[in-house]
Amino acid sequence: MEVADAGGVSPAARRLGLSKSIVSRRLLRLEAELGVQLLARTTRGAALTEAGITFRDYAARVCAEIDMAKETLLPTGDLRGRLRVAVPLSFGPTHFAPVLAEMARRHPQLHIHTSYSDRFVDLISEGYDCAIRVGYLQDSDLIARRVGPIYGKLVASPDYIKAHGAPETPDDLLSHQALMQGTEAWQLM
């Protein structure tokens, strides 16, 4: 019941990597087969009906049992399933893609779906399993681990330096202009 968990057909389609029409058709086919409405659809999304809640609970137990059965057959340490990862476009293709390629080679049962974007994705609402973040993290309930350092540089065009002068100390930067993404802030040590 990915549609209910995601809050509608469109977000569920994005999570599943399928078209909206395919997800919608599968849901309608399931409801027709069961003879009940599983979701109450509104302009704001979708919510489970009483029958939908019951069906989801049983389906979740069945899926958990199937997963346990598969686990007992797989060699220990073998990763499998779908892993959705959000990685910065400015960092991912050059630094992280080789790591993912090696991970996929070592674990052929693991299907890695990577989204390269410098947009700060919401892991929970957009259905990602994990993300690589560059910089300092805001306070969060998510589990974070440092994987390595990123060394940055402050740069300026020759024309900018000619017009505004070159800063000599970090305090001098307060009087200079900067291009930043989103909610970035300079934190110099």
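This is a predicted model: local features need pLDDT of at least 70, side-chain atom pairs count only at pLDDT 80 or more; totals for chains, interfaces and linings use all residues.
I then looked up W186 by itself. W186 sits in the segment after helix 6, the helix at residues 158-164. Its relative accessible area is 37%.

Three strands make an open sheet in the order 4-3-5, and the pairing is parallel. The edges are strand 4 (110-116) and strand 5 (130-131), each of which pairs on one side only.

How many bridges join strand 3 to strand 5? I found two, with strand 3 covering residues 81-87 and the strands running parallel. On checking positions across this pair, I found V85 opposite C130 of strand 5.

I also looked for a helix packed on these strands. Helix 5, residues 92-106, lies across strand 3 and strand 4. Against strand 4, I have helix 5 running at about 170°.

I followed the chain on to R146, which lies in the loop between strand 5 and helix 6. Is R146 buried or exposed? I recorded R146 as exposed, because its relative accessibility of 71% is over the 50% cut-off. I also took a distance from R146 back to I132. The two residues are 14 apart in sequence, and their C-alpha atoms are 9.5 Å apart in space.

**Salt bridges**

I went on to charged pairs. Side chains of opposite charge can pair when their charged atoms come close. My count came to three salt bridges.

Two of the entries involve E102. R105 forms a salt bridge with E102, and I have 2.6 Å between the closest N and O atoms. R106 also forms a salt bridge with E102, where the closest N and O atoms are 2.8 Å apart.

Why are R105 and E102 about one helical turn apart? I put this down to their spacing, because they are three residues apart in helix 5. R106 and E102 also both lie in helix 5, four residues apart, which I noted as about one turn of the helix.

R105 is exposed at 57%, and R106 is exposed at 56%. E102 reads 28%, so I listed E102 as partly exposed.

Which residue forms a salt bridge with R119? I found E126, with the closest N and O atoms 2.8 Å apart.

Technical notes:
Residues are numbered from 1 along each chain as its sequence is written. Side-chain values use heavy atoms; hydrogens and water are left out. Two strands pair if DSSP finds at least two bridges between them. Contact means heavy atoms within 4.5 Å. Axes are lines fitted to C-alpha atoms, for helices over the stretch in contact, and angles run from 0 to 180 degrees between N-to-C directions. Buried means under 20% relative accessible area, exposed over 50%, partly exposed in between (1.4 Å probe, protein chains only). A salt bridge is a side-chain nitrogen of Lys or Arg within 4 Å of a carboxyl oxygen of Asp or Glu.
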